[in-house]
Structure formats: C-alpha cells, structure tokens
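User: Could you go through the side-chain contacts in this one with me? I'd like to start with the charged pairs and then move on to the rings.

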Amino acid sequence: LAMGGNYTQPTFILLGITDTPWAQAPLFVLFLLIYVITLVGNIGLMVLVWVAPSLHTPMYFFLTHFSLADICYSTIISPKMLTDLLFGDKTISWAGCMTQFHLFALFVTAECHLLAAMAYDRHVAICHPLSYVLVVSPRACWQLVAWCYLVASLSALLYTGCMFGGSFCGPHHIDHFFCDTSPVLRLVCSDTRSCEAAIFSLAAANGLGTSLVILLSYGHILHAVLGMSSAPSRARAFRTCASHLASVAVFYGSLFFMYLQPASRHSSRDKVASVIYTVVSPMLNPFIYSLRNREVKAALGRCRRRMLNLC
C-alpha cells in the first residue's frame, strides 16, 4: 500500500533479544513461563478483588485496573516475542509495528498515572482518614481512572504520530524484540531531532509528572507516619505502602533508564531494561501486592475455605 504516493509501507524485521541459535529455545521456555505466570497472577488478583467484599475499596479498585494494564501491555509484547523465538519468523508489518507501539505506549502511560492515583489514595487514607470516604468516593475513583486512560490515549496518539509520520529507509531491521521508540526512529529517513525532542518532552511530562505526585504523596505520608504515637499504627501504615513503593521502584527505574536519556546513549543494555518493565514487572506485581499484603492473603484464605466447603 502506498502512502503519500511516494513510498511503500515497509515490512520490518525484529532482530530480537539475541541472534544466538542455541539460546532461542531456553529463552522461549523462560518467557513462556513468565507470560503464563503473568496472566494467571494478574487475572487471579482481579478475580479475587471482584469476589471478596473486604477488598471492595478504592485501593483495590485501582489495583484491578493496574493488573488489567499489566495484562494488556504484556500481551502486546510477549506473544509476538515468543513466536519469533519459536519459529524464527521475525517480520512485522508497518501497520502491525505501529499498532504494537501505540497500544504499548497507551498502557504503559496509563500505568504511570494509575501508580500516581494509587499514591494519592494512600496519601488521603493515611493523612486525612476522616475525609477519606468523601474524597476518594466511587465517583472520584472512576474519574481518576478515566483521566488516566484519557491522558494515556492522547499521549499514545502523539507518540505514534511522531514515530510513524515519516518515511523509512532500508534495511528495515529493528534492533529490538518489539517496536520501541529509539530502534524505530533510527530507520526514519528524515531528520528525527524534532520528533525525538517531542517524544522526550512528552515522556518526561508523563514520567516526571506522575513520579512527582508519588514523591509528594509519600513525603506527606512519611511526615504523618513519623508523627504517630503508636508503633503498631506506624507499622500498619508502612505495610500498606510497601507493596506500592516496590512496584514504583521496579517500574520507574527501568522506564526512566529507557526513555529519559538522549538517543545517542542508547545501547544493547536497553533490551535488558525493556525485558524488566515489559516482561518481568507485570509478572512480579501480583506477588508484590499479595505476598506483602495481609488483606489480600486473608481474602485468599477465605475464598479457599469457601471453595473447600463447596467441594
């Protein structure tokens, strides 16, 4: 199909994580296992929140959307990566590449804003407990989630427009395992400095803006917790925040490494960082939120006993 009448949509070749033949099969088994655990863990956590009345709170409402975003962007990346490792056909069409990147950008950006919403929820719960029910009402929760997806959708449109608005020069080899910003922009024929600046600015606005909300929220939380006279109250407050902070550290650490550095500094280490936030982080989040959370473990225990009684 012609675009603009002067060039044809290219077919790209994803070079993948490694080109070493003996490593393909072990990597396929490893990433298939991780992907299955990701699906089972996140879907299981969502179902548990839906069926356990004790988890029908704003924090777990945001957590179900966070798990949904994990499932979505992991599914956008992992199946294609797995088929490439298994069959060796690493081609992807221009439309497929653009769609993959657009959906990936949408759900990753949504996760940034969902993490900020979860931090705000914890801030209100610990610093303003008496007004918590009014401030974080069901309507406010839906408005916050709608805002997360709206900003993510608009950002993804701008990212995708910047990346795929020009023509591509051959060879169309993308040195990555999915269609990511820097590897795709290297193939654009025209000057990409303005696109790179726009993408960097937008990524900084989303990443640094949401991380600032998280830092401010936890700054107020720390001040409030240290002012508590009861040691058990301080311990309980820290426990409710520990799992969220662990997710923030894993997600933002690899994300900032990837997208808040100049294009000239990108290297093969980018693939390792990409694996962490596209493959490993979605798998870890259900464990982080369940193994370190008494409410989730208690709800899981009640559901298990209910199922055993039915049997």
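User: Which residue does arginine 122 form a salt bridge with?

Analyst: Arginine 122 forms a salt bridge with aspartate 121, the closest N and O atoms being 3.0 Å apart; the term covers a side-chain nitrogen of Lys or Arg within 4 Å of a carboxyl oxygen of Asp or Glu. This is a predicted model, in which local features need pLDDT of at least 70 and side-chain atom pairs count only at pLDDT 80 or more, while totals for chains, interfaces and linings use all residues. Residues are numbered from 1 along each chain as its sequence is written, and side-chain values use heavy atoms, with hydrogens and water left out.

User: Is aspartate 121 buried or exposed?

Analyst: Aspartate 121 is buried, its relative accessible area being 0%, and arginine 122 also counts as buried, at 10%. Here buried means under 20% relative accessible area, exposed over 50%, and partly exposed in between, with a 1.4 Å probe and protein chains only.

User: How many salt bridges are there in the whole structure?

Analyst: The search finds 3. One of them joins the side chains of lysine 271 and aspartate 175, at 3.0 Å from N to O. That pair links distant parts of the chain, 96 residues apart, with lysine 271 in helix H9 (residues 269-291) and aspartate 175 in the loop between strand E5 (173-174) and helix H6 (181-185); helices (H or I, at least four residues) and strands (E, at least two) are DSSP runs, numbered from the N terminus. Lysine 271 is buried at 15%, whereas aspartate 175 is partly exposed at 40%.

User: And what does lysine 80 meet in a salt bridge?

Analyst: Its partner is aspartate 84, with 3.1 Å from N to O. Both residues lie in helix H2 (residues 58-87), 4 residues apart, which is about one turn of the helix, and aspartate 84 counts as buried at 5% relative accessibility.

User: Rings next. How many aromatic pairs does the structure hold?

Analyst: There are 11 aromatic pairs, counting rings of Phe, Tyr and Trp (its six-membered ring) whose centres lie within 6.5 Å, with planes under 30 degrees apart called stacked, over 60 edge-to-face and the rest tilted. Among them, tryptophan 94 and phenylalanine 164 have ring centres 6.1 Å apart and planes at 90°, so this pair is edge-to-face.

User: Where do those two sit in the chain?

Analyst: Tryptophan 94 is in helix H3 (residues 94-127) and phenylalanine 164 in helix H5 (residues 138-164), 70 residues apart. Tryptophan 94 is buried at 8%, as is phenylalanine 164 at 4%.

User: Which residues form the aromatic cluster?

Analyst: Phe12, Trp94, Phe101, Phe164 and Phe168 form one aromatic cluster.
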